[in-house]
Amino acid sequence: MEMGRSESESKGAKLKLIGYLRVSTARQREGYSLDHQKEAIERYCQARGYELVAVEEESESAIKARPVFQRVKAQVLEGKADGLIVAKLDRLGRSVRDLANIAEELSREGKQLISVGDSIDTSSSNGKLLFHILSAIAEYERELLIERTKAGRALAEKQGKICHRPRKEIDPKVLREMKAKDVSHRMMAKILGVSRATILKRLDELGLR
């Protein structure tokens, strides 16, 4: 295979991608504005013959819940595109674990993840290798977190404290949109990274069941 070309390109396939843009005030000052991100994504797709079917922007006020990202991920998993493309990985996740979870979720459905600035393209052999390294680091982080959580709970129980799992934040607008599109409860749970029981509980709270 020619260096710098993805396996999809070599086979003559044309990837259809959705671009995702996000910016914080600090990154805006550093010259990594939405326009800069969009330009980088468009150049990358044009150079490789990928089709950019849509570009979605996340507003700064919605960064915590990230409803636009949840919608974009749902569209990719539902087959409206072959993958997701960002200008930099830090636009996509807050930690290595977050990034690996997103990449793994896309990979399970045969979807691609591309980061222009980090030279990661999971449609290529090198991109797959980087993804596996990312996943290994994330697994290590998960194990450390589990150990720390267990130690913390054991100490809390010893001190007579009651530990509760924090409530998972889910944007009601995203749930309503998925419900309107008849997305299954199982797929909702997969897209939002929660259990099916959590989805059912939130739908009940919103009066959507």
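This is a predicted model: local features need pLDDT of at least 70, side-chain atom pairs count only at pLDDT 80 or more; totals for chains, interfaces and linings use all residues.
Reader: How many salt bridges does the structure hold, and which residues meet in a salt bridge in helix H3?

Author: Side chains of opposite charge can pair when their charged atoms come close. The structure holds seven such salt bridges. One of them joins the side chains of Glu-39 and Arg-43, at 3.0 Å from N to O, and both residues lie in helix H3 (residues 34-48), four residues apart, which is about one turn of the helix. Glu-39 is partly exposed, since its relative accessible area is 42%.

Reader: Which salt bridge links Arg-71 to a distant part of the chain, and where do its two residues lie?

Author: The side chain of Arg-71 meets that of Glu-56 in a salt bridge of 3.5 Å, N to O. This pair links distant parts of the chain, with Arg-71 in helix H4 (residues 67-77) and Glu-56 in strand E2 (residues 51-58), 15 residues apart. Arg-71 counts as partly exposed because its relative accessibility is 26%.

Reader: Are Glu-105 and Lys-73, which form another salt bridge, buried or exposed?

Author: The closest N and O atoms of Glu-105 and Lys-73 are 3.2 Å apart, and the pair again links distant parts of the chain, Glu-105 being in helix H5 (residues 96-108) and Lys-73 in helix H4, 32 residues apart. A residue counts as buried when its relative accessible area is under 20%, so Glu-105, at 7% relative accessibility, is buried, and Lys-73, at 6%, is buried as well.

Reader: What does Gln-75 touch, leaving out residues up to four places away in sequence?

Author: Gln-75, which also lies in helix H4, touches Ile-18, Lys-80 and Ala-81 when those sequence neighbours are not counted. Gln-75 counts as buried because its relative accessibility is 14%.

Reader: Which residues of helix H7 are buried, and where do they lie around the axis?

Author: In helix H7 (residues 172-180), the buried residues are Val-174, Leu-175 and Met-178. They lie on the same side of H7, because they cover an arc of only 100 degrees around the axis. The face turned away from this buried side carries Lys-173 and Ala-180, which are exposed, while the buried residues of H7 pack against H4, helix H8 (185-192) and helix H9 (196-205).

Reader: Which residues of the largest nonpolar core touch the most other members, and which elements supply the core?

Author: In soluble globular proteins, nonpolar side chains tend to be buried together. The largest nonpolar core here has 32 residues, of which Leu-84, Leu-92, Met-178, Leu-192 and Ile-199 touch the most other members. Strand E1 (16-22), H4, strand E3 (83-86), H5, H7, H8 and H9 each supply at least two residues of this core, and H4 gives the most, with six residues. Domain 1 (16-137) and domain 2 (172-206) each contribute at least three residues to this core. Apart from it lies another core, of twelve residues, including Leu-15, Cys-45, Ile-85 and Ile-114.

Reader: What is Leu-192 in contact with, leaving aside its neighbours within four places in sequence?

Author: With those neighbours left aside, Leu-192 is in contact with Gln-70, Lys-73, Lys-168, Ile-170, Val-174, Leu-175, Met-178 and Ile-199.

Methods: Residues are numbered from 1 along each chain as its sequence is written. Side-chain values use heavy atoms; hydrogens and water are left out. A salt bridge is a side-chain nitrogen of Lys or Arg within 4 Å of a carboxyl oxygen of Asp or Glu. Buried means under 20% relative accessible area, exposed over 50%, partly exposed in between (1.4 Å probe, protein chains only). Contact means heavy atoms within 4.5 Å. The arc is that of the directions from the helix axis to the C-beta atoms. A nonpolar core is a set of buried Ala, Val, Leu, Ile, Met, Phe, Trp, Tyr and Cys residues joined through side-chain atoms within 4.5 Å. Domain bounds come from an automatic or database domain assignment.
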